[in-house]
Amino acid sequence: PDEQLDLDDGRWEDIHVVTGALKLFLRELPEPLVPFSHFDKFIAAIKIQDPSLRGRCIRDLVLSLPAAHHDTMKVLFRHLCRVVEHKEENRMSVQSVAIVFGPTLLRPASEEASMAMHMVFQNQVVEHILNRYGYIFPD
């Protein structure tokens, strides 16, 4: 239904409410921002030892995403980079943002026992994209 939101309503002033809503929206998508088909590829890429090869591999994977996923990721990560720029005030470092958004943006099609093992790599992928935003999304 076309629900009209009043953004001047006081409850939207709490940044935690807005962030929670964004995370919930992303988590409730039928398929995550990084499609299930790309999950294993991103995990494999982040494990590459050679930094320049890892960087190219992740950039190419992001470029290979369907247009809607790629474009949404570009806008979301541009915003998250701005959040990190204000880490002195908001205490949201690259690592903090990655911990909050990693499992939401990248998740395997089936939640299996190795979830805790994946989480480290999910967070590292988000961290990498934040740190290399300009390289991955050149304007």
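Modeller: Contact means that heavy atoms lie within 4.5 Å. Please keep in mind that this is a predicted model. Leaving aside neighbours within four places in sequence, Pro108 is in contact with Phe36, Phe39, His118 and Gln122.

Colleague: Where does Pro108 lie, and is Pro108 buried or exposed?

Modeller: Pro108 lies in the loop between α6 and α7. A residue counts as buried when its relative accessible area is under 20%. Pro108, at 9% relative accessibility, is therefore buried. For a sense of distance, Pro108 and Leu24 are 84 residues apart in sequence, and their C-alpha atoms are 17 Å apart in space.

Colleague: Which residues does His128 touch, not counting residues up to four places away in sequence?

Modeller: His128 touches Ile46, Arg54, Gly55, Ile58 and Ile136. The place of His128 is in helix α7, residues 115-131. With a relative accessible area of 11%, His128 is buried.

Colleague: Let us turn to pockets. What volume does the largest pocket have?

Modeller: Rolling a probe the size of a water molecule over the atoms shows where empty space is left. Here the largest pocket has a volume of about 460 Å³. Its lining comprises 15 residues, of which Ile15, Thr19, His79, Val83 and Met92 are the closest to the centre of the pocket.

Colleague: Which helices each supply at least two residues of that lining, and which gives the most?

Modeller: The helices are α1 (15-28), α4 (67-85) and α6 (94-105). The most comes from α1, with six residues. By class, the lining has 10 nonpolar, four polar and one charged residues.

Colleague: What is the accessibility of Thr19?

Modeller: Thr19 is in helix α1. At 29% relative accessibility, Thr19 counts as partly exposed. Thr19 and Ala45 are 26 residues apart in sequence, and 28 Å apart in space from C-alpha to C-alpha.

Colleague: How many disulfides does the count give?

Modeller: A disulfide is a covalent bond between the sulfur atoms of two cysteines. The test is whether a pair of cysteine sulfur atoms lies within 2.5 Å. By this rule the count comes to zero disulfides. As to accessibility, Cys57 is partly exposed, with a relative accessible area of 27%, whereas Cys81 counts as buried at 17%.

Colleague: Which exposed residues might we consider next?

Modeller: Asp139 counts as exposed at 87% relative accessibility, and its place is in the segment after α8 (133-136). Asp139 and Cys81 are 58 residues apart in sequence and 15 Å apart in space, C-alpha to C-alpha. Leu63, found in helix α3, residues 51-64, is also exposed, with a relative accessible area of 52%. The C-alpha atoms of Leu63 and Ile136 are separated by 8.0 Å, although these residues are 73 residues apart along the chain.

Colleague: Finally, let us take backbone geometry. What phi does Arg91 have?

Modeller: Most residues other than glycine have a negative phi, and most peptide bonds are trans. Arg91 has a positive phi of about 60° although it is not a glycine. Its place is in the loop between α5 (87-90) and α6. At 69% relative accessibility, Arg91 counts as exposed.

Notes. Residues numbered from 1 in each chain as written. Predicted model: local features only at pLDDT ≥ 70, side-chain atom pairs only at ≥ 80, totals over all residues. Heavy atoms only, no water. 1 Å grid on protein atoms, 1.4 Å probe; cavity = no way out; pocket = protein on both sides within 12 Å on 5 of 7 lines; lining within 4 Å. Points joined across faces, edges and corners; volume = space filled by probe spheres on them. Helix = DSSP H or I, 4+ residues; strand = E, 2+ residues; numbered from the N terminus. Nonpolar A, V, L, I, M, F, W, Y, C, P; charged D, E, K, R; others polar. Buried < 20%, exposed > 50% of the residue type's maximum accessible area, 1.4 Å probe, protein only.
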